[in-house]
Amino acid sequence: INVKKEPPKKKGPPKPPDNRVQIDSKSFPLGAITVSGFVATNFDGSLVKGQNAKLTVSVDDQFAKFSFSSTVTVADVAGDKLTAQFGMLPPETEALIRKYAQLRKQNAGK
């Protein structure tokens, strides 16, 4: 009988996060996210305070991988940071964001 052993899985550093907000064809790093909204960094100023926009939020890091589309209202643009508030999010999307925040918080001290 020939039994093949699986090679041991490599435990390297966690992959770099690919958390971003995509507005039209532009993509900006996601700085923070809650069920009420988010902060994007390296923002180019293409939206202004009070403006509504449809966008896609993508989270892909060691804690979770998910994405969703939403309509947001721009709450503030300061320097290269965009702060926006979500419109209505489906309950399952809110649950995903809450779970993600909980996982990040649990692992913050590690």
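Is Lys-65 buried or exposed? In this predicted model, Lys-65 comes out as exposed, with a relative accessible area of 68%. That makes Lys-65 a handy place to start the tour, as its side chain forms a salt bridge with Asp-60, with the closest N and O atoms 3.9 Å apart. The cut-off for a salt bridge is 4 Å.

Asp-60 belongs to strand S4 (residues 52–60), and Lys-65 to strand S5 (residues 65–78). The two strands run antiparallel and share nine bridges, and Asp-60 stands opposite Lys-65. A hairpin of four residues carries the chain from S4 to S5.

Follow S5 onward and you meet another hairpin. Here S5 pairs with strand S6 (residues 81–86), again in the antiparallel sense, over six bridges. Val-77 has Leu-82 in S6 as its bridge partner. Two residues sit between S5 and S6, and Gly-79 in that turn has a positive phi of about 60 degrees.

Leu-82 also takes us to the inside of the protein. The largest nonpolar core has 24 residues, and Leu-82 is among those with the most contacts inside it, along with Ile-23, Ile-33, Phe-38, Phe-68 and Phe-86. Strands S1 (20–23), S2 (26–33), S3 (37–40), S4, S5 and S6 each give two or more residues to this core, and so does helix H1. Leaving aside residues up to four places away in sequence, Ile-33 touches Phe-38, Val-57, Phe-68, Phe-86, Ile-97 and Tyr-100.

Several of those names turn up again when you look at the rings. The whole structure holds five aromatic pairs. In one of them, Phe-28 and Phe-43 have ring centres 5.0 Å apart and planes at 65 degrees, so the pair is edge-to-face. Phe-28 is in strand S2 and Phe-43 is in the loop between S3 and S4, so the pair links distant parts of the chain, 15 residues apart. Phe-28 is buried at 5% relative accessibility, and Phe-43 is also buried, at 5%.

Then there is Phe-38 with Phe-86. Their ring centres are 5.7 Å apart and their planes make an angle of 45 degrees, so this pair is tilted. Because Phe-38 lies in strand S3 and Phe-86 in strand S6, the pair ties together parts that are 48 residues apart in sequence. Phe-38 is buried, with a relative accessible area of 3%, and Phe-86 is buried at 10%. Ring pairs also link both of these residues with Phe-66, Phe-68 and Tyr-100 into a cluster.

Back to charges to finish. Another joins Glu-94 to Arg-98, with the closest N and O atoms 3.3 Å apart. Why are these two separated by about one helical turn? They are four residues apart in helix H1 (residues 91–107). Glu-94 is partly exposed, with a relative accessible area of 25%. There is also a salt bridge between Arg-20 and Asp-18, where the closest N and O atoms are 3.2 Å apart. Arg-20 is partly exposed at 26% relative accessibility, and Asp-18 is partly exposed at 34%.

Terms used
Residues are numbered from 1 along each chain as its sequence is written. This is a predicted model: local features need pLDDT of at least 70, side-chain atom pairs count only at pLDDT 80 or more; totals for chains, interfaces and linings use all residues. Side-chain values use heavy atoms; hydrogens and water are left out. Buried means under 20% relative accessible area, exposed over 50%, partly exposed in between (1.4 Å probe, protein chains only). Two strands pair if DSSP finds at least two bridges between them. A nonpolar core is a set of buried Ala, Val, Leu, Ile, Met, Phe, Trp, Tyr and Cys residues joined through side-chain atoms within 4.5 Å. Contact means heavy atoms within 4.5 Å. Rings of Phe, Tyr and Trp (its six-membered ring) pair if their centres lie within 6.5 Å; planes under 30 degrees apart count as stacked, over 60 as edge-to-face and the rest as tilted.
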